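Could you walk me through this structure in my viewer, one selection at a time? I am new to it and would like to know what to click on next.

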Amino acid sequence: TIRHVGVVDELRDPRPVMEAVKLICQSDSEFAKQVTIEFVGKVNSAFKTYVQNDQQLSGITRFLDQVPHDKLLELYGSTDLQLLVLAHTAIAPGNLPGKFFEYLASRKPILGIGPVKGDAAEILQRTHAGVIRDRNDNEGIKSELMRCYEDWKLGINRRNESIQLYSRINLTSKLISILESI
């Protein structure tokens, strides 16, 4: 299960991932039978129409309304690959949405679409929690999807304990230290 939580709009457009999934499905029938993509939250009608008009994608994609936070935590636990789509804006390299930290805490791999040089990419690399691919890097997105799929089949989890550095407790402690030093 590949799952995206949050807003899908013109600035946060997951079509590059959808196109990569579609290409993989066309060449790998086992993948096509096993993959499901879910979007939880507000999704714009243009993206829904794009998916519904594609025979391959419409058969593997579900749209869910927003869910209460406690149910969302359950969804994170049942996700095999967290999909992070950063806004396509000038501030994207410094953008760390709140769900990014929840994705980290889920201990599930993360595939991000956005700037490959930015805060999210750096943290994912440091923690081995996932990767960010540029929205125009079709082959890179496809490769990462296949790597995650192979890891999933083999039961491999590449994460390490350094994600604890980004827990609310540790980040709050750092903030307190900074404020106390001022």
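Are Glu 38 and Arg 3 buried or exposed? Select the two together: both Glu 38 and Arg 3 are buried. Keep in mind during the tour that this is a predicted model.

**Stop 1**

Glu 38 and Arg 3 form a salt bridge, and their closest N and O atoms are 2.7 Å apart. The pair links distant parts of the chain, with Glu 38 in strand S2 (residues 37-40) and Arg 3 in strand S1 (residues 2-5), 35 residues apart. Side chains of opposite charge can pair when their charged atoms come close.

**Stop 2: along helix H8**

Now select Asp 151 and Arg 147. This salt bridge has its closest N and O atoms 2.7 Å apart. The two residues are about one helical turn from each other, because they sit 4 residues apart in helix H8. Colour them by accessibility and you will find that Asp 151 is buried, at 7% relative accessible area, whereas Arg 147 is partly exposed at 29%.

Next, pick Lys 153 and Glu 150, which also form a salt bridge, with 3.5 Å between the closest N and O atoms. Both lie in helix H8, 3 residues apart, again about one turn of the helix. Lys 153 is partly exposed, with a relative accessible area of 36%, and Glu 150 is partly exposed too, at 32%.

**Stop 3: the largest pocket**

Which residues lie nearest the centre of the largest pocket? Select Asp 80, Leu 81, Pro 109, Cys 148 and Trp 152 to find them, out of 27 lining residues. The pocket holds about 480 Å³ of space. Helix H8 (138-154) returns here, supplying at least two lining residues, as do helix H2 (29-34) and strand S6 (130-133). The largest share, 6 residues, comes from H8. Sorted by class, the lining has 12 nonpolar, 8 polar and 7 charged residues.

**Stop 4: a nonpolar patch**

Finally, show the surface and select Leu 175, Ile 178, Leu 179 and Ile 182. They make a nonpolar surface patch of about 460 Å². Zoom in on Ile 182, in the segment after helix H9 (168-181). Ile 182 counts as exposed because its relative accessible area is 79%, and the cut-off is over 50%.

Technical notes: Residues numbered from 1 in each chain as written. Predicted model: local features only at pLDDT ≥ 70, side-chain atom pairs only at ≥ 80, totals over all residues. Heavy atoms only, no water. Patch = residues over 30% accessible without salt bridge, like charges linked within 9 Å, V, L, I, M, F, W, Y side chains within 5 Å. Areas by Shrake-Rupley, 256 points an atom, 1.4 Å probe, with all protein chains shown as cover. Salt bridge = Lys/Arg side-chain N within 4 Å of Asp/Glu carboxyl O. Buried < 20%, exposed > 50% of the residue type's maximum accessible area, 1.4 Å probe, protein only. 1 Å grid on protein atoms, 1.4 Å probe; cavity = no way out; pocket = protein on both sides within 12 Å on 5 of 7 lines; lining within 4 Å. Points joined across faces, edges and corners; volume = space filled by probe spheres on them. Nonpolar A, V, L, I, M, F, W, Y, C, P; charged D, E, K, R; others polar.
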